[in-house]
Amino acid sequence: MKTILKELARIAPGISSDAAVCAARVPIRLAREQGILPPVAVVTPTSLQQVEKLVKFCVKEGISLRVQGGGTGKITDWPKGERWLILSMASLDRIIDLDVENRSITAQAGVTLAKMEKAVSEKGLMAAQISTLHQISTIGGCLAVNRPAQARYGSIGNFLEKLTVVTGKGEILECASQNEAPGAQTPVYPLAPIFCGSAGNLGIICQARLRLLPAPPLRTGFFAVFPTTLAAADAARMIALAMFTPLELEFASPLCATLIKSQQSGALLWGEYAGGVAETAAAIAKAQKLILDHDGALLGDAEHFKTFLEKSAAFLESRSRSYLLETVTVPCSRFSTLVEGVERIAQDHGLEAAFFGSPSIARLQVALFGNSELSHQADAEIFTLSLILNGTYHDDHGRVQSREAWLASFKNSEEETLQRGLKEIFDPEGVLSCR
Amino acid sequence: MSVKECSPLSSQIKALASCGQCGACASECPVFLHSRDKADSPSGKINLLQYWLENRIDAAAVARVLRRCTLCGRCETACPSDVPLTEIFREAQNRLARFENPKGISFALNRFLLKRPFLADLFVPLEALLVRVKALRVEQDRSQLPPMASFRMTERAKTAKGGPKVVLFTGCIARRRLPDIARDCVVALSSVGCQAIWAKSQRCCGSSSYSRGDARMAAFLARKNTEVLNALDYDYLLTLCPACLSAICNLWPRFAKDAEKLASRAMDINSFLASRQVTLKPVEQKTYWHEPCLLKKEEAEAARYLAGVEVLADFGRSCCGEHLTTPPCGAEEEKGRAKIGASLEQNLRDAIAASGARQAVSACPHCLLAMKRSFHKNGDQIVAQHSVQAFLKRITS
């Protein structure tokens, strides 16, 4: 192993095999429950060429590689055994180009959302990317999971123009996406979407060009409390379906509000609009009317609620290890049906459900409190409900077994073969993941 | 080391388990935001402590990481699960310190001086003089000391007659490195009609000794300070350093039996002065506010009120890095640690310089020392002041 470390240090001098640096990357519960050992080293490359050489070396030596961006812990496929490395993207953190005229930014994968937002806002633009951990979430990490952008704009993939990846074979690929600026001559197939959302299974995202938006002239929000969960969910559904889509729309069930020590008792709804002055003012007036029509009460201090919701997201995520928590997405029009169904399923199993989410993308994160076995049964029912409602079930929190069950039951064999084929093309040795 | 052997930390094991590794703390940690190394993030450190408690990792490796924590407490404010992170890290630093490399001669010298404050009073100007005449070589960052103030704190600084009696607990930095702050605090207290007393025999609060694993020294200092302060007749015990206040309220009662009584009368000087009815002149100069890590919300509000700072210029993400730049208890310098400290210090200076402010205000002598040092190093014409000094200007000029 010493020779390997020496060779790795020659390729990328930013390497640490310090026991603490390596162990800190692997959550203790994985060491306890699955016997996952810390990596032999954490390598921090500073250039694309170093990443390329590292992957080639790992392929040659049969060493597994896992990429970490901001360290928000979304690695789901931890290698067994000792021979594995963590590739930290922390030093690939340069903004290469900020093209104000064409409204695009080219940045390395380790650039944080906060750094990008700061750079673009200084030029009167906005990146529209959001994360509760925007100080540490990286562009590469967000692209790897195709993370939702600000609710109005879908996901980060919608902003992607170009991508530079190093495949599991150690080849540098520069690929375009369908979003590339009109008129640009794309000489290759738009391969970028294959890597965006592949969770690092096919290649290591090293650099990306993202589309930017002009900063809106007006941003304004509302904050409301409702007597029942259903009233809030229905108001949220109608606001989300209105002509002018909110920039953000966030919802929290009464139990979620209580857990986060909100001073309000009831279901909470927070929204933000951005755009032209007149249209934004009209949109917020309409939203306020819908809130009042649903017996909601408008409260002040929308900014405070934003912080509160960020905290609620982190809180419920932090509970995901002890309680069942997953993300369900259904078409927007069925959001209130989903909320009603989740409440009923929890009640039938004698469980308590706390949930929050973004109704404008009909995304709901559910935490079930109570008996673990019953929680698993309820989880399966929520999963089935989401499929009945033409929705899907995300694997945001590392519950790989849910994803596997979903793949086996609802993906046909052709699709599975195609996906395995892609894996075979880009990472035939399985350096980037076990499967 | 087993869980049983590290029993003082075992009271926090339950709290350790309540960390869900959500990472919310990491986005607030100045050290992690600088190094981007997961081990430096609070959740990473919690993870490592659990490895250590389960005998899965060498204690010395964890100790090295823990020492890079500034104990600023920002992680705690961000934690959605209310994990008492600062307390855990302070305890862990204390327990793990003995696994670090043997302490050098500077550690022994520091211990010697901590026990003899009068000699320490002489030692600091002597050190500065020797550095200036290049007779003594110290770490580069420490050689960039700001010019020493001509004033030296003496017992004669006490005022007399009328008003509430207050004892000023200056702390080491204001006593020796920046004594003008202590002097101005005495003047400010006198100007609001208080009798300010300063006991020369008061010693270091002991917080840095404790975090360096020297609990015996921390206990000694707590007992001696309690003895000295309890012998005085006063209404309030005022501190001008948040770290000292934290030690008086949280650390001393653990080591000295009469310290509870003392802690009940202790308060931050900013809160005390803000509660006095004084008319203040508006501030015309653009002022940069740097919020010290251990200062509580209401204390920070009081400090900003005294200094006349309307807008919170520093959003609280920057850290002065002083805790890392100047090794507590004079332990052997760890290069990486000092480098992080120096970098944080420079980041803060850059933010202040970029704001265009001509004066920077803080409520902690440690932060002020770091600011003065970086301004001096960069040749800036920015004045670094304690909030009480800014307050004094608003009532006297």
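A salt bridge here is a side-chain nitrogen of Lys or Arg within 4 Å of a carboxyl oxygen of Asp or Glu. By this rule, the count over all chains comes to 25 salt bridges. The model is predicted, so local features need pLDDT of at least 70 and side-chain atom pairs pLDDT 80 or more, while totals for chains, interfaces and linings use all residues. Residues are numbered from 1 along each chain as its sequence is written, chains are lettered from A in the order in which they are written, and side-chain values use heavy atoms, with hydrogens and water left out.

**View 1. Where chain A meets chain B.** Chain A brings 29 residues to the contact and chain B brings 32, contact meaning heavy atoms within 4.5 Å. About 2600 Å² is buried between the two chains, 55% of it from carbon and sulfur atoms; buried area is the accessible area (1.4 Å probe) that two parts lose on being put together, summed over both. Look for A:A24, A:I28 and A:Q135, which supply 20% of the area that chain A buries against chain B, more than any other three residues.

**View 2. A salt bridge across the interface.** Side chains of opposite charge can pair when their charged atoms come close. Three salt bridges are counted between chain A and chain B. In one between A:D18 and B:R64, the closest N and O atoms are 3.0 Å apart. On chain A, the side that touches chain B draws at least two residues from each of α2 (19–23), α3 (28–34) and α11 (302–318); helices are DSSP runs (H or I, at least four residues), numbered from the N terminus.

**View 3. A salt bridge within one helix.** A:R237 and A:D234 form a salt bridge, with their closest N and O atoms 2.9 Å apart. Both residues sit in helix α8 (residues 229–241) of chain A, three residues apart, or about one turn of the helix.
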